[in-house]
Amino acid sequence: MRAALIYYIAASLDGYIARPDGSIDWLDPIEASGEDHGYQAFYDSIDGLLMGRATYETIQAFRGDWPYPAKPCIVLSRSDLPAVAPEVQISHDTPAQAIDQLTAAGCKRIWLVGGGSLAGTCYSAGLLDELVVSFIPLLLGAGIPMFATGLGRRLQLREQRSFPTGVVQLHYQLLPEAETP
C-alpha cells in the first residue's frame, strides 16, 4: 500500500506560499509569536519528506542545521545538488517513483514540504491524499501559488482550528475523483 502524501503548508489568505521572488519573510511575525500552530504534532505524525528543488534551496539558504533530522527526504530536481544531510537524497525520479521509494523504506505518511510546482504535479497526478493549510491573516497580492496547476476536486473537511495569532488551519481529505462534481 502506497504511503499517504500530505501537503502541509502555510499560505497567505489569497493562496500564495511565497512572494514572487520566493521570499517567505512575511511568515516571520507568525513564527516570532511562539505559537507552534500544531507543527510538532504534525511533524511527529510523518515519517518521510518529499520536496522540490526551490524549497530545498530556500532551506539551505537558512544556513542552519538540517531542520528535518532522522527522517528520509527525497528532493526532486533536474539539477545535481549537494545533499546537506545523510537523510537527504537528490533524485531525478518522478513524484510517484519517489513516493514508491519512501514507501519501500517503510514510510506510511509523507510530508510534501513544497513547493507549489511539485504540489501541482502531485495533485494533477492523483498522488495527494491530504491537504493541511495554515492560512496566515495577510494578503500578498502576488507570489508563488499553493498549486501551480489546477484541476477541480472535491475535498472533505477533517478538522479546523484557529489560533490567537489569527492563523486558521484547515485539514482536508481529497476525495476520490469519482466524487468530483
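A few ground rules come first. Residues are numbered from 1 along each chain as its sequence is written, and side-chain values use heavy atoms, with hydrogens and water left out. As the model is predicted, local features need pLDDT of at least 70 and side-chain atom pairs count only at pLDDT 80 or more, while totals for chains, interfaces and linings use all residues.

## Two pockets

Pockets are found on a 1 Å grid over the protein atoms alone: a pocket is an open set of points where a 1.4 Å probe fits, with protein on both sides within 12 Å along at least five of seven lines, and its lining residues have an atom within 4 Å of a point. Grid points are joined across faces, edges and corners, and a volume is the space filled by probe spheres set on the points. In the table, Ala, Val, Leu, Ile, Met, Phe, Trp, Tyr, Cys and Pro count as nonpolar, Asp, Glu, Lys and Arg as charged, and the others, Gly among them, as polar.

| Pocket | Volume | Lining | Division of the lining |
|---|---|---|---|
| Largest pocket | about 1500 Å³ | 45 residues | 22 nonpolar, 16 polar, 7 charged |
| Second largest pocket | about 190 Å³ | 14 residues | 5 nonpolar, 5 polar, 4 charged |

Ile-9, Thr-55, Ile-59, Val-113 and Gly-114 are the lining residues nearest the centre of the largest pocket. Helices (H or I, at least four residues) and strands (E, at least two) are DSSP runs, numbered from the N terminus. Among those that supply at least two residues each to this lining are β1 (4-12), α1 (28-32), β6 (109-114) and α5 (116-124). The most comes from α3, which gives 5 residues.

Around the centre of the second largest pocket, the nearest lining residues are Gly-38, Phe-42, Glu-159, Gln-169 and His-171. Its lining draws at least two residues from each of β1, α2 (39-45), β7, β9 (155-162) and β10 (168-174).

In α3, Thr-55, Tyr-56 and Ile-59 are buried. These buried residues line one face of the helix, because they fall within an arc of 100° seen down the axis of α3; the arc is that of the directions from the helix axis to the C-beta atoms. Their cover includes β3, β4, β5 (88-91) and β6, where contact means heavy atoms within 4.5 Å. After α3 comes Arg-63, with a positive phi near 60°.

Helix α4 (residues 95-104) has Pro-95, Ala-98, Ile-99 and Leu-102 buried. Seen down the axis of α4, the buried residues also fall within an arc of 100°, so they line one face. As background, an α-helix has 3.6 residues a turn, so residues three or four places apart point the same way. The cover over the buried residues of α4 includes β1, β3 (48-52), β4 (73-76), β6 and α5.

## Two buried polar side chains

Gln-169, found in strand β10, counts as buried because its relative accessibility is 8%. Its side chain is joined to that of Ser-134 by a polar contact of 2.9 Å. Such a contact is a pair of N or O atoms within 3.5 Å; within protein, one must be able to donate a hydrogen and the other to accept it, and residues adjacent in sequence count only if both atoms are side-chain atoms. Not counting residues up to four places away in sequence, Gln-169 touches several residues, including Tyr-8, His-37, Val-132 and Glu-159.

Glu-130 lies in strand β7 and is buried, with a relative accessible area of 5%. A polar contact of 3.2 Å links the side chains of Glu-130 and Arg-109. Leaving aside neighbours within four places in sequence, the contacts of Glu-130 include Leu-5, Tyr-7, Arg-158 and His-171.

Asp-21 sits in the loop between β2 and α1 and is exposed, at a relative accessible area of 64%. A polar atom of its side chain lies 2.9 Å from the backbone nitrogen of Ser-23. Asp-21 and Ile-144 are 123 residues apart in sequence and 8.3 Å apart in space, C-alpha to C-alpha.

Ile-144 belongs to strand β8 (residues 144-145) and is partly exposed at 31% relative accessibility. Its C-alpha atom is separated by 6.1 Å from that of Arg-19, 125 residues away along the chain. Beyond neighbours within four places in sequence, Ile-144 is in contact with Gly-15, Tyr-16, Ile-17, Ala-18, Arg-19 and Gly-22.

Definitions and conventions:
Buried means under 20% relative accessible area, exposed over 50%, partly exposed in between (1.4 Å probe, protein chains only).
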